[in-house]
Amino acid sequence: MEHIRNFSIIAHIDHGKSTLSDRLIQAVHIVADRDFKDQILDTMDIERERGITIKSQTVCLPYTAKNGKTYSLNLIDTPGHVDFSYEVSRALASCEGAFLLVDASQGAEAQTLANLYLAMEHNLEVIPVINKIDLPSADIERVREQIEDDLGLDPERVILTSAKEGIGIEDVLEAAVNFLPPPKGDPDKPLRALIFDSHYDPFRGTIVHFRVFDGRIKAGDTIQFMSNNARYKVEEVGIFQIVRKPRKVLSAGDVGYMIAGIKTVSDTSCGDTITLKSNPCDAPMPGFRESKPVVFSSIYPVASDEYEDLAVGLEKLKLNDSALIYEKDSSAALGFGFRCGFLGLLHLEVVQERLEREYDLSLILTAPSVQYEITLNDGEVMIIDNPSLYPDPSNILMTREPYIRAAIIVPDRYMGAVMKLCLDRRGINRNYQYLTRDRLEMIFELPLAEVIYDFYDKLKSVTQGYGSFDYDILEFRETDLVKLDILINGERVDALSQLVHRDRAVERGRRACEKLKEEIPRQMYKIAIQGAIGAKIVARTTISPFRKDVTAKCYGGDITRKRKLLEKQKKGKKRMKMVGQVEIPQSAFLSVLKTE
Ligand code: GDP
Ligand code: MG
């Protein structure tokens with residue numbers, strides 16, 4: 001164990017974490033140079049394109065230090081977005097240390113601090129790294145001061161790197177050896193290993209990623225998950241070096257994987273403890289924050305004959321993403337689809353993108369909703385997240401909606417802007433405190449429904465990117481809800497309905513009508529768009545038809561021509577959905593929620 005170091009690199013997005021990880025991997029020569037592609041740990045296409053890391057990846061770096069000894073440096077990659085903070089937490093729980101990367105020209109930013117707090121919560125040894133020192137705009141001294149004053153870290157420890165130019169890479173490896181503590185634990189005690197991730201391999205089934213805290217695990221052992229007492233026979237254990245490298249045994253301090261005939265990823269849960277059936281440990285590892293879906297939306301294929309493909313796509317995604325939940329759903333306007341639960345909006349977008357890209361589907365997502373608790377006059381309590389299940393208001397005794405406790409960290413010059421944003425979203429300011437000279441933590445209680453759509457983007461924009469946001473779910477609180485319907489040419493389009501607070505309903509109805517007017521292209525005839533609460537119309541707009549001369553050629557029911565057009569469209573990616581007589585573009589379904 002003296003020769004093991006388990007650590008993560010944490011940073012604000014774009015400060016160079018992936019690039020530095022690449023350099024570390026190159027430095028220890030576990031991948032032949034000709035096989036090397038940039039950002040080797042970001043395996044999903046979406047991660048590469050957007051430059052965000054979603055699934056954490058681990059790599060074991062064999063490193064011979066200047067002291068002549070060879071070490072196993074386990075680098076555990078972490079994602080960098082609030083939706084995925086449970087994954088950051090999981091990864092950090094398996095580490096003893098972390099490198100905190102700060103961009104030499106940008107300085108510390110919101111997520112730098114948020115990630116530092118997470119690392120401190122896990123009692124990690126944190127080593128500051130100033131990256132991008134090659135940039136002409138690098139201001140190393142200012143950032144060094146910030147590290148001391150704002151982050152409270154030892155400026156003497158700072159390592160200077162340029163991940164891009166490969167400067168300071170060896171200093172990082174040496175610091176891991178010399179300044180990060182080796183893991184503690186006892187290989188002779190009963191097995192206690194913590195699951196921090198799992199993924200699905202089409203050939204081998206579920207691959208469980210874990211950190212061994214005590215004991216040993218090897219092929220042939222019968223293991224037991226402490227949460228549900230499920231037992232499996234271990235087929236293979238090993239370590240990650242971009243590819244899986246089987247090992248005879250993993251023992252206290254090691255980070256690696258296990259294959260044990262586990263059918264789907266949902267049979268394992270991150271945060272669970274693995275022990276041995278024959279010699280179990282007495283207490284599990286402290287668990288993590290559970291990852292529970294909080295945002296719900298329905299997914300429909302634009303072309304109804306793609307329903308089966310959508311079903312297959314979801315099933316496959318689910319193998320890798322245990323946080324995703326779904327069940328069958330149907331809509332009068334959109335046909336058959338699935339009601340899905342997500343961790344947050346980014347999670348929703350990632351799932352949508354992966355389905356569209358990897359399974360070549362064109363999808364419609366309905367307005368995301370939280371779950372509401374509705375008590376009926378007869379005492380029955382129902383939990384609903386789908387506007388189509390909203391009961392007749394005259395039967396409702398009380399409705400309650402989920403609240404969150406939001407912790408927002410910002411430089412104090414943005415205090416007023418953040419306050420306004422949160423009060424506008426029905427928030428209650430509970431508390432604030434200075435963390436450093438000019439950085440503030442503000443605590444709000446907010447209805448979850450008010451943050452799911454564009455709150456995070458808004459926070460970013462009113463704080464010029466400096467606001468960080470983290471939340472915990474509190475409880476359900478009483479609220480006054482109504483169902484806002486949208487009628488197109490007099491027809492209620494169920495997929496456009498949403499549940500909104502009564503005080504917001506009229507304004508929301510107006511916005512939704514305006515948005516739809518922008519989104520729906522002109523057609524042959526006039527289109528009336530109305531917002532309604534029950535029988536009462538609260539907003540309306542109209543889209544005027546094409547002028548006659550433009551449409552003369554295809555107007556008048558040239559059926560064959562129309563059909564040809566339709567078929568042609570079917571071949572390409574379909575982006576429009578016929579609802580009644582009106583073609584509604586895919587993007588319109590989410591636009592009804594936009595607040596501006
Ligand atoms: P991540 O979001 O923290 O993983 O950041 P990336 O590693 O994806 O880097 C973000 C951007 O910064 C990329 O365009 C990198 O090429 C660039 N970058 C990373 N390290 C350096 C560096 O040391 N110097 C310079 N000039 N650019 C860098
Ligand atoms: Mg990255």
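How many residues surround ligand 1, and which are the closest? The count is 17, and D14, K17, S18, T19 and D134 are the closest. A residue belongs here if one of its heavy atoms lies within 4 Å of the ligand. This is a predicted model: local features need pLDDT of at least 70, side-chain atom pairs count only at pLDDT 80 or more, and totals for chains, interfaces and linings use all residues. Residues are numbered from 1 along each chain as its sequence is written, chains are lettered from A and ligands numbered from 1 in the order written, and side-chain values use heavy atoms, without hydrogens and water.

**View 1. The shell around ligand 1.** Its residues divide into nine polar, five charged and three nonpolar. Gly counts as polar, and Asp, Glu, Lys and Arg as charged. Helix α1 (residues 17-27) gives the largest share, three residues. Helices are DSSP runs (H or I, at least four residues), numbered from the N terminus.

**View 2. Oxygen atoms of ligand 1.** A backbone N or O atom of K17 is 2.7 Å from a ligand 1 oxygen. For H15, a backbone N or O atom lies 3.5 Å from an oxygen of ligand 1. The side chain of S18 places an N or O atom 2.8 Å from a ligand 1 oxygen. The protein covers 79% of the 570 Å² of accessible area that ligand 1 has on its own (Shrake-Rupley method, 1.4 Å probe).

**View 3. Helix α4 (residues 110-121).** N123 follows α4, with a positive phi near 55 degrees.

Methods. A polar contact is a pair of N or O atoms within 3.5 Å; within protein, one must be able to donate a hydrogen and the other to accept it, and residues adjacent in sequence count only if both atoms are side-chain atoms. Helices (H or I, at least four residues) and strands (E, at least two) are DSSP runs, numbered from the N terminus.
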